[in-house]
Amino acid sequence: MQVTATDSDDSTTANGMVRYRILSQTPHSPIPNMFTINSETGDIVTVAAGLDREKVSQYTIIVQATDMEGNLNFGLSNTATALISITDINDNPPELTVRTVSPPTSAFPSSESAPNRLFNRSSLSFHHLK
Ligand SMILES: [Ca+2]
Ligand SMILES: [Ca+2]
């Protein structure tokens, strides 16, 4: 992304020659200086790894533009706020959650008798079909 400042003064003199700098970044995560700005073009680029939309989805950057070629002693300055939204990348696989399912309540007092009973019933219905 790029920020642009306009200066009404004569652009062939230092009065109209603007330079950019980043004053602050919020939040300071994972490090305080995730971005840098090209002082002449205003292009903002990432200079450190660690952008993660799941951790920080948006940064607020305050950019200062100073004329007199960025000379803070003689130049006039102004600031602007840039919002940088982090786009999602597919870096997380789906997560499965397995809930422990309690065994179905049985009408039979002994859990071992249940399979036998079921087997007998299916045999009976088989004969009915014939
Ligand atoms: Ca100026
Ligand atoms: Ca992601």
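Thr81 lies in strand S5, residues 77–85; strands are DSSP runs of E with at least two residues, numbered from the N terminus. The model is predicted: local features need pLDDT of at least 70 and side-chain atom pairs count only at pLDDT 80 or more, while totals for chains, interfaces and linings use all residues. Residues are numbered from 1 along each chain as its sequence is written, and chains are lettered from A and ligands numbered from 1 in the order in which they are written.

Thr81 counts as exposed because it has 12 C-beta neighbours inside 10 Å; the limit for exposed is 12 or fewer other C-beta atoms within 10 Å, for buried 20 or more, and partly exposed lies in between, with C-beta atoms placed from the backbone. Leaving out residues up to four places away in sequence, Thr81 touches Thr60 and Ile62, where contact means backbone-placed C-beta atoms within 7 Å. Between Thr81 and Ile62 the C-alpha distance is 4.5 Å, at a separation of 19 residues in sequence.

S5 belongs to an open sheet of three strands, ordered S1-S4-S5 with antiparallel pairing; a pair requires at least two DSSP bridges. Strand S1 (19–26) and S5 each have a single partner strand, so one side of each has no neighbour in the sheet. S1 and S4 are joined by seven bridges, and Ile22 stands opposite Val63 in S4.

Val63 is also part of the largest nonpolar core, which has nine residues, among them Ile44 and Ile61. Such a core is a set of buried Ala, Val, Leu, Ile, Met, Phe, Trp, Tyr and Cys residues joined through C-beta atoms within 7 Å. Strand S4 (residues 58–66) gives the most to this core, four residues.

Terms used:
Two residues are in contact if their C-beta atoms, placed from the backbone, lie within 7 Å.
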